[in-house]
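I set out to record what I looked up in this structure, entry by entry.

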Amino acid sequence: MQETLNYINENKLRFVDELFELLRIASISADPAYKNEVLLCADKVAEHLKNAGADNVEVCQTKGYPIVFGEKLIDKNLPTVLVYGHYDVQPPDPLELWRKPPFEPYIEKTELHPDGAIFARGSADDKGQFFMQIKAFEAMMKTNSLPCNIKFIFEGEEEVGSVSLGDFVNEFKEKLSCDCILISDTHIYSNEQPTVTTGLRGLSYVEVEVEGPNRDLHSGLYGGAVPNPIHILSRMIAKLIDEDGQITIDGFYDNVEDVSDADRADMNKLKDNPEEFKKSIGLNGVEGEAGYTTLERTSIRPTLDCNGIWGGYTGEGAKTVIPSKASAKISMRLVPYQTPEEITEKFTRYFEKIAPDNVRVKVTPHHGGMPYVLPTDTKEYLAAKSAMETAFGKEVLPYRGGGSIPITSMFEQVLGAKSVLMGFGLDSDAIHSPNEHYGLFNFYKGIESIPLFFENYSK
């Protein structure tokens, strides 16, 4: 293993240069105008896999963007790890908030990254993180230290809901058969307190519409006498959460996981710092469900948030209308034992119930995903914990993430394997936002930790 670590150290500058090449490709899956860039990125990922030593590398066509596959099978009697990542990125808008162009990567020191951070769209989510896997694999191949079989699957549609991935996994489940799945698409609590993500929340995402009059009305002629859909929608949204931060939807908490006091105590060993939390996002105060810490509110408790609201006239200048319609997008993060189907149905019934009789409402489900938990007594978790403790030289704690990666539950259902969420970003890395960045320290620690995981898991 020391030889592998030496190889990593000797080649770390080249690894960054090669990552920069990928980051310059604007592989934005949400915008058809970037189709050629997404396809180019898939080809480049395949090229890097081949150069690292993978066999049977393919750019597999799907109904959407291709999936890149590769493998190295050294002994059928050894375990097989399937590595997952995604090469597509979020749109960079608003462009004017970037300090430099989003697809021209550069390194700059920050308060949290005194060794420097890579600034570019996709640096942390997920090019910088899945590229760690390829470089760790290269290091093991070059030093003849790969301890088990490995397969790779990199998709180009994660940022638009992994539209084609489920069909691909179901169709090729024999090809993808494995003992566990390794994913680097999450973050650690901090560089001083490394963690392994042991849980993710699920998701129910809906769009709602309130319709009043049959056309936009002159607010002078009709104001004060007719229902205003924006006013009504705003009041309805306000009714979804009470003053104690509890979601008021009938039956919303029926199937929520009851986390034990012992597990909650372990979770809060992460030393939540309320003042630092507020400072990091520019707030003077926080809020949420009564009786829970900020760490618990953002991990083991379900949530409801309005993500956007619109209606009427929003252009330049003034236009005095009462709008015919008002709409909003609402997301609900789910915890174990809640399902997106259950929660979407309960939301729809409740939203229709609280609507006044003088308007019509419509709820349109968009997408959802199941929550996921990796128990801390599994060999997968223990292998990751030990690997990161060796690399960081510090105790590693379990951490429940607040986000969603719906494919983890799908992988377990179809392939019968647990996913290890071994990410190395920080929640301050501005993923999905302007000036996304990924620390060089984190990038290198990931490459160091991954071979250790393979060694531990194989044992």
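**Second largest pocket.** I found about 340 Å³ of space in the second largest pocket. A pocket here is an open set of points on a 1 Å grid over the protein atoms alone, where a 1.4 Å probe fits, with protein on both sides within 12 Å along at least five of seven lines; lining residues have an atom within 4 Å of a point. Grid points are joined across faces, edges and corners, and the volume is the space filled by probe spheres set on the points. The model is predicted: local features need pLDDT of at least 70 and side-chain atom pairs pLDDT 80 or more, while totals for chains, interfaces and linings use all residues. Residues are numbered from 1 along each chain as its sequence is written, and side-chain values use heavy atoms, without hydrogens and water.

I listed 16 lining residues, with T198, D263, D266, T376 and P398 nearest the centre of this pocket. β16 (397–400) and α7 (261–267) each supply at least two lining residues; β16 gives the largest share, four residues. Helices (H or I, at least four residues) and strands (E, at least two) are DSSP runs, numbered from the N terminus. I sorted the lining by class into nine nonpolar, five charged and two polar residues, where Ala, Val, Leu, Ile, Met, Phe, Trp, Tyr, Cys and Pro count as nonpolar, Asp, Glu, Lys and Arg as charged, and the others, Gly among them, as polar.

**Sheet.** I traced an open, antiparallel sheet of four strands in the order β11-β13-β9-β14; strands pair if DSSP finds at least two bridges between them. β11 (303–311) and β14 (360–369) are at the edges with a single partner strand each, so one side of each has no neighbour in the sheet. From one strand to the next the twist averages 15 degrees, with axes fitted to C-alpha atoms and angles running from 0 to 180 degrees between N-to-C directions. I counted eight bridges in the antiparallel pairing of β9 (202–211) with β14, and E211 stands opposite R360 in β14.

**Backbone.** I noted a cis peptide bond between D93 and P94, omega about 0 degrees; P94 is in the loop between β3 (80–86) and β4 (106–108). A cis peptide bond also joins D125 and D126, with omega about 5 degrees.

**Overall form.** I recorded 13 helices and 18 strands in the protein. The C-alpha atoms fill a box of roughly 80 × 50 × 45 Å, taken along the principal axes.
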